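User: Please take a close look at the charged pairs in this model. I would like to know which side chains meet and how exposed they are.

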Amino acid sequence: MVKMQTAVGWHVELEFEEDHHRTRAAALVRLADGSEVRAHGYASRHPADSDQPRVGEEVAGARALNELAMKLLTKAHDEIDAASGRASYPLTH
């Protein structure tokens, strides 16, 4: 059995701001190269829906993490192009 070692770990921070009908999520990850990637997500509650802040956080948080993932894919794509000296096809999920 081959034992894998963790070379690096990431901690993603999520913060939320809420009012009566809207939730905003801000996501941040600090990478080993010293760079930071930030993203945002939003959720809006219809006035007829019951007040469930946790659901708004889940929706806004998921949207922020989705944007964060796309930004990380773009960053990786740009680094691959820079290292290879050529333009490649965009990375997708």
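Analyst: Arg-45 is partly exposed, at 21% relative accessibility. The cut-off for buried is under 20%, so a residue at 21% does not count as buried. In this predicted model, the side chain of Arg-45 meets that of Asp-51 in a salt bridge, 4.0 Å from N to O. Asp-51 is exposed, at 56% relative accessibility.

Another joins Arg-30 and Glu-13, at 2.7 Å from N to O. Arg-30 sits in strand S2 and Glu-13 in strand S1, residues 12-18, so this pair ties together parts 17 residues apart in sequence. Arg-30 is partly exposed, with a relative accessible area of 44%. Glu-13 is partly exposed too, at 36%. These two residues belong to a network of salt bridges that also links Glu-36 and Arg-38.

Helix H1 has a pair of its own: Glu-67 and Lys-71. Their closest N and O atoms are 3.2 Å apart. The two residues are four apart in the helix, about one turn. Glu-67 is partly exposed at 28%, and Lys-71 is partly exposed at 37%.

Leu-68 touches Arg-38, and its other contacts include Ala-27, Val-29, Val-37 and Ala-39. Leu-68 is one of the 10 residues of the largest nonpolar core. Strand S2 (22-30), strand S3 (36-44) and helix H1 (53-84) each supply at least two residues of that core.

Note on methods. Residues are numbered from 1 along each chain as its sequence is written. This is a predicted model: local features need pLDDT of at least 70, side-chain atom pairs count only at pLDDT 80 or more; totals for chains, interfaces and linings use all residues. Side-chain values use heavy atoms; hydrogens and water are left out. A nonpolar core is a set of buried Ala, Val, Leu, Ile, Met, Phe, Trp, Tyr and Cys residues joined through side-chain atoms within 4.5 Å. Buried means under 20% relative accessible area, exposed over 50%, partly exposed in between (1.4 Å probe, protein chains only). Contact means heavy atoms within 4.5 Å. Lists of a residue's contacts leave out its neighbours within four places in sequence.
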